[in-house]
Every structure is written in structure tokens, then in C-alpha cells.
Amino acid sequence: MKTLRQMKVGESATVTRLRGEGAVKRRIMDMGIIKGTEVYVRKVAPLGDPMELNVRGYELSVRKADCDMIEVEQL
Amino acid sequence: MRLTIALAGNPNSGKSTMFNDLTGSNQYVGNWPGVTVEKKEGKLKGMPGVVIQDLPGIYSLSPYTLEEVVSRNYLINEKPGAIINIVDGSNLERNLYLTTQLMEIGIPMVIALNMIDVVRKNGDTINVKKLSEALGCDIVETSALKGEGSVQVAQRAGELAKIGYQGERAHVFGGTVEHSIAHIEDLIRDKVEERYLRWYSIKLFERDEKVMEQLKLSPDILKNIENITADCEKEMDDDAESIVTNERYAYISRLMQSCLIKKPRKGNMTVSDRIDRVVTNRFLALPIFVAVMFVMYYIAVTTIGAIVTDFTNDTLFGAWIMEPLAAWLEGAGTAGWLSSLVVDGIIGGVGAVLGFVPQMLILFLMLAILEDVGYMARVAFIMDRIFRRFGLSGKSFIPMLIGSGCSVPGIMASRTIENERDRRMTVMTTSFIPCGAKMPIVALIAGAIFGNAWWVAPSCYFIGVAAVIVSGVILKKTRMFAGEPAPFVMELPTYHAPAASNVLRSMWERGWSFIRRAGTIILLASMGIWFFSSFGIIDGAFVMADMEESMLAAAGNFMAPLFAPLGFGNWRATVATVMGLVAKEEIVGVLGVLARVSGDALELVEEGAFAGLAGIAGMFTTASAFAYLLFNLLCAPCFAAIGAMRREMNSGKWTWFAVGYLCVFAYAVAMIYYQLASLFTTGAFTVATTVAVILLFALIYLLFRKPADYASAGIKQKQLRAGV
């Protein structure tokens, strides 16, 4: 299964499942990343982490380790 | 009648601008009880008796972050008359997510559809009437930045508060979930107030632990609720929290389709995206970051900052206040001790602290601009990779950088760090970075003892940075800083031009909170030190004495053996260290006085006339001198900085812990250095050497040990309690 972490800059994907539990998962969901959301990978920070995503029309930065919790299907 | 209206909304939704617009200068800033979350309230302009309570900027009402818990506790327990929900119209989808949660609380609510000017400029159209009907809430279009609509929103909120609870609003969820919620409502109907029934039921459905604890439901009811939730989860094939979140966003998506017409754009790049393409670009981001930091440091610390600090310290407090006052007191025949108390104790002490204020204001101004523009979030984005390894935030870079000028504004700059744990860690470690006032000690030791060796000063910065890293790694693994990792899921807000009123207000609030502290705790501490250093018992009489015969010297004699394992177990060095609490550069001056150096030691150091400082040099060996330097670089900072720590931690306990940690860490490092240096130079292996070696291994152990898994231990306990 592909996770958001493996997506390259400029690619888009649809979220298929969120792994994990608790605060981090809830926060990711609260920010609008849920099953079915389309995510566009805008860029990766200059030092290689975190990632910048475009979700629901705004910019969100998520650490790669947390991106690993987000399973996606590439568009 | 007093009416309270709560102001709730996402971060970056223009909430603080709206708050300033509504309240003007009638604001009170404090902290929410027991936490470091800022609490602001103010009187509504033009409507006497109405108080606006600003809630922290939040994205949700989950039980996981301090800000969110503080907000929901306020809404449920303090029962404000009405809520103004600020919604950023240019980022409608995510902003409405919080709205769907606020709607569930049975408090009258009006939506301020903010940044409507941006929406129009983008060419988008929001069908306000339709949206308002769907949500069951009044909506007023506003542009807080331009002062549009704020008054109408407040008026409407006031009217709604008079009407009161009007029954449940639109139902957000689908049939299955609504069905479960209805069942839960039946179970707890007699336990909670009717208007909060829906909110509590949804929280119970989500298995919100905070609510479960608060309601103290019987095991029977809890079991029933668990069955209802589990059934729904089974049917929907997901966990309750996810189901609720999914359905909220699904509901909002439907609203978007019917109420929002977006003008098609070329590509998906906005102006803000284009700025970001440069500012956080792979290759340009770091050079731009360095340039921004350099400009900030150059203005706030090197040039304007240094000029205003020198002016307030030397000219304003020195030449304009202290000298004439001393002359006047003498002329008026005031007793020597009184004039010394006023001039040296009070004015000297407070002046040393207030001297930082102009520089701090300049710095806070620039920080406020960086925050308001939206660059601060990018700083965290760029630096996160490095800093999070040490339990710090990417934003910790700024406090550390400023701390190299002065720890006080550095510590106060940590306020931009959202996460409480990261902020505490930053506050605790910022004073390790050698500040400007520590430079004279460095110059003294380097010049008078090491023959102006080039490596002394750079090694101090290196040691400071190393101390930050080592402490970060060690503390991160302790119980106090353990727990679930803070999610770094951060919005990168749209860039916008800074609003002068916001920026100035933010600058003044921070400056003022420091000034207030200078007037209380720092003043008392300075007076205490003055008292102990100016009075002593001579020939059985309690009289005003030179420092050598003061109580402080007596205490220094008593404490000196404590520092013997560090190589400087003499009372002069001890007294100078204690005086460093007033201001670190005092150490040099006091050493000069106590070593009977002719002239002002501080000036001699500045002039590089180290020959005249032989008296001080005679007190140390090379090993003990460097150990003394190490201890003074790393131990508790001056009172002003401790006051700033107290302010930012909002807890006496944490402040004491921080100061204690700094002292113990400094002691351990200086001792390890001195004992090992002595061992290599003299070959003498003593008990103290053994202790130092043990300390060194303890330090290495703390650094590399595997952190105990407090987080999962906590989860296990919860599972045990829940009977899983």
C-alpha cells in the first residue's frame, strides 16, 4: 500500500485510509485529511522534511513520519 | 447586566484583528488558569456591560490540545451569552469544520464571514442566504482588517444572547450516526442541561475521555453508550472519531457545492503560492532565512538595539536619573544607607532590567511583523527537521538567536511556539546561549588568564549550543517532557501585508508584561541582593559595610566549599557569581572590587588592559578559570531572565525546576571539566575525580538511554481502566 510519504512533489493522490490512533490521527483528520480527500504534494522542506500539502484549498505541512500514516492512491 | 460574548475561530482567520476592532484599548491580557495559553478579554466598544472573551485560535474541539480543551471548557462551563464564530471566507471549507462543532453547543451563535474582501477579489461568490439557512445561524459579512461588519456582528450577537437557546440546529450527520446520537441523548437526558445535550452526546459517541470523566456516568450507562457506539462503528466499518470527522467534512462538501461558486483559476497557484515558491524553495529557502534572521539580529541587537540599550542604561538611568538623584539625596542630607538603597538597590536594579525594554520592543515589533505576514510558520517549516531532534520546535531558532544578544527577549520570543512542551524546553535552554552580558566574563578569562587565546570565545558559543542540544536530548526522555509526541500538522497561512494596529499591539503587550514583572519580582530580588551585599555585622554591630564585610561575603565564605570541587572554592569567586544574578557583567566588576583591582574591572576588560587585572588572575589556575567560566555561562541567568522565564512558563514550579536544572547542569559540567583537567595536568586522582567520572558517565547514560515508553504505558493504563 502506498503512503503519502512515498508521493513525489507535484503529484496528487486520494486518501484511502488513515492508520494509527489518538492525537496525531485526530489532528490530521481535523485538518481535513480524511478518507476520500484529494491531496496535492506541493513541496518538501529544504532539509528534506516536513512535506507541504495542498488540501481543501489551503497549505498544510505534515512531517514525513506522520505522512506514513496516510495511505493513498495516486491520481 | 453583564453579558459575555465568546470569540471563536481558526488561527489566521483574522480573529485577533476582529477582537482589537471590537474592543479597542479596553483589553485585559492574562493566562487561562494553570496553562500558558494566553487569555484575552475586553469591553465591547460602544455597548456598556458587554465583555468580549477571545478564545485561542483552534481548528477543532478535540480533547487533545490545550487550546482546544481550554476553549470547550470555557464554552460549556462559563456559559457565555453568545458566540461569534469567525470564519475565513477565503478558506471556507476547513473553517466551517469548527463551525459544525460550535453549532452543537446550545449557545446562540452568529457567524462573521470574514475576509470577504479577499473572497470578492478572488472573484468567488458565497451564497450567504443559503449558507445561513443550511447552518441555522445568522451570517454577517465582515472584513476585520478594514473594520467592516464588526459592529453589526457584535450587535447581532447581543440580540441573540437576549433571545437565548432556541432548540437544536441543523443536523450534520447521516441517519446511522444521528440514530446512535439520539439513543445516547436518551441515556443522559437527565444528567446534563438541555442545551448541551447534543454536544455531550456526540462527545460520548466519540469516546471523548475528558467528557466521560466529567459526567461521572454510571458503569451501566457507559456500557450502554459503548454498545451503541460499537454497533455504529461495526455498521459503518470505521472508528467513531473518524466517522464523526468524515461526516462533518462530507456535510461541508455538500454545502460547498450549493453555496460557493469558485472562479476558475489558471493552474492552482495563488499569489501566496508564488511567494512561497521562492521563500520556501529548496535552494533559496535557507539563504533567505539566513538573510531575514541577519536583518532582524542586525537591527534588534547590533545597531538600533545596542544604541537604545546603551542610551537607557548609561544616559537615561545612569546620567539623567541616578547621578542627579544621588547628588540630590546627598545634598538633602539623606542617610547613606537610604540613598544607597534608592540609587543602587532600586534604581540600579530596576534600571538594569528596564534598560532592556527599548531593545525588546524593537525585537517584538519585528517578530510581530514576521508572525503577521505569515513567515513565522515558514520558519518552523524550514527548521523543523533540525530542532525536533532535541525536543525543540523549528521556531526555537529565533529565541536562541536573540538569546545570543540577550536572554530576556530571547525567552520572551518563545511565545510564538504553539506547543507547550516545545515552548518550555526552549525557555529552559535559551539562556545557555552566551548573551552579551556574559561577554565581559569571557573576555576577562580569555585575556587575564589565557593570554587572549583565540579559542576561548568561540568555544563558549560552541559549549552553549552543545548544552542546548544535550539538555534537549536528556530532557526529552524524562517523564516531564514525555508523553504523546506533539503532532506537527501545521497550517502554512496565506501571506498577507501586516496590519499596523495588530503588530504594534502585539509588541506592546509583550513589552508591558515584562515591565510589570520588572516592577515586582525582579525589583524585590535586586533589593534583596543589594541588602545582603551592603550590610554586615562588624564588631557585633549590624552596620552598612563594604562588600568584603557584608553578609553576602559571609554567605560566600560559607558557600565557597561547595565550589571547591569546581576549582574556585573561594568566597570572592562565589560572591561574584551570586552578584551575577543581578546582571551577568556584574561578575567582572565584583571580582575587580574584591581582588582590589585599581579602577573599574569592567572598563579594564573593555580596554584590554589585562595587566591591571593580575589580582583577579591570581585567584585562578587555568583549569579553575575555565571551570569558573563554564559554570557562569551555564548556570541560572540573571533575575531579568528568570523573570521572563516565569512569565513564559506561567508556573512557579516550572521556573524553579528550570533554574534548578540550569544550576545542576552547570555544576556537573564545570566539575567534570575541572576534575578531568586536574587529573591530566597533575595526575592526582581524588574522591572528587571519582565523582566527576561518575557524573560524566551519568551524563552519557542520560544522553543515550532509551526513553521509557511513557506514552504507551499511559495507553495501557487506560485500557486496563476501560477493562479492555
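This is a predicted model: local features need pLDDT of at least 70, side-chain atom pairs count only at pLDDT 80 or more; totals for chains, interfaces and linings use all residues.
Me: Which strands are the edge strands of the seven-stranded sheet in chain B?
Reply: The sheet is open, with the order β2-β3-β4-β1-β5-β6-β8 (chain B) and mixed pairing. An edge strand pairs on one side only, and here that applies to β2 (27-31) and β8 (138-141) of chain B.

Me: At about what angle does α6(B) run to β6(B)?
Reply: Helix α6 (residues 150-163) of chain B lies across β1 (3-9), β5 (82-88), β6 (109-114) and β8 of chain B. Angles run from 0 to 180 degrees between N-to-C directions, with axes fitted to C-alpha atoms (for helices, over the stretch in contact). Between α6(B) and β6(B) the angle is about 170 degrees.

Me: On to the other sheet: why is one side of each edge strand left without a neighbour, and which strands are they?
Reply: This open sheet of six strands has the order β5(A)-β1(A)-β2(A)-β3(A)-β4(A)-β10(B), with antiparallel pairing. An edge strand has a single partner strand, so one side of it has no neighbour in the sheet, and that goes for β5 (70-74) of chain A and β10 (489-491) of chain B.

Me: How many residues of β2(A) are buried?
Reply: Strand β2 (residues 38-44) of chain A has partners on record: three bridges join it to strand β1 (residues 12-18) of chain A, and five join it to strand β3 (residues 51-55) of chain A. A:Val39 has A:Ala13 opposite, while A:Val41 has A:Leu53. Buried means under 20% relative accessible area (exposed is over 50%, partly exposed in between, with a 1.4 Å probe and protein chains only). Of the seven residues in β2(A), the number buried is five.

Me: Which residue in the turn between β2(A) and β3(A) has a positive phi?
Reply: These two strands form a hairpin with six residues between them. The phi in question is about 95 degrees, and it belongs to A:Gly48.

Me: What is the relative accessible area of B:Ser272?
Reply: B:Ser272 is found in helix α12 (residues 271-279) of chain B. Leaving out residues up to four places away in sequence, B:Ser272 touches B:Arg378, B:Pro493, B:Thr494 and B:Tyr495, contact meaning heavy atoms within 4.5 Å. B:Ser272 is buried, with a relative accessible area of 7%.

Me: How is α13(B) oriented to α16(B), roughly?
Reply: Helix α13 (residues 285-302) of chain B packs on helix α16 (residues 357-373) of chain B at about 155 degrees, with axes 9 Å apart. Angles under 35 degrees count as roughly parallel, over 145 as roughly antiparallel, 65 to 115 as roughly perpendicular and the rest as oblique. That makes α13(B), relative to α16(B), roughly antiparallel.

Me: And how do α24(B) and α25(B) lie to each other?
Reply: Helix α24 (residues 551-563) and helix α25 (residues 571-579), both of chain B, have axes 7 Å apart. Their angle is about 105 degrees. The pair is therefore roughly perpendicular.

Me: Which handedness has the crossing of α10(B) and α11(B)?
Reply: Helix α10 (residues 219-236) and helix α11 (residues 240-259) of chain B pack at about 65 degrees, with axes 9 Å apart. A crossing is left-handed if the near helix is turned anticlockwise from the far one by less than a right angle, and right-handed if clockwise. For α10(B) passing α11(B), the crossing is left-handed.

Terms used. Residues are numbered from 1 along each chain as its sequence is written. Chains are lettered from A and ligands numbered from 1 in the order in which they are written. Side-chain values use heavy atoms; hydrogens and water are left out. Helices (H or I, at least four residues) and strands (E, at least two) are DSSP runs, numbered from the N terminus. Two strands pair if DSSP finds at least two bridges between them.
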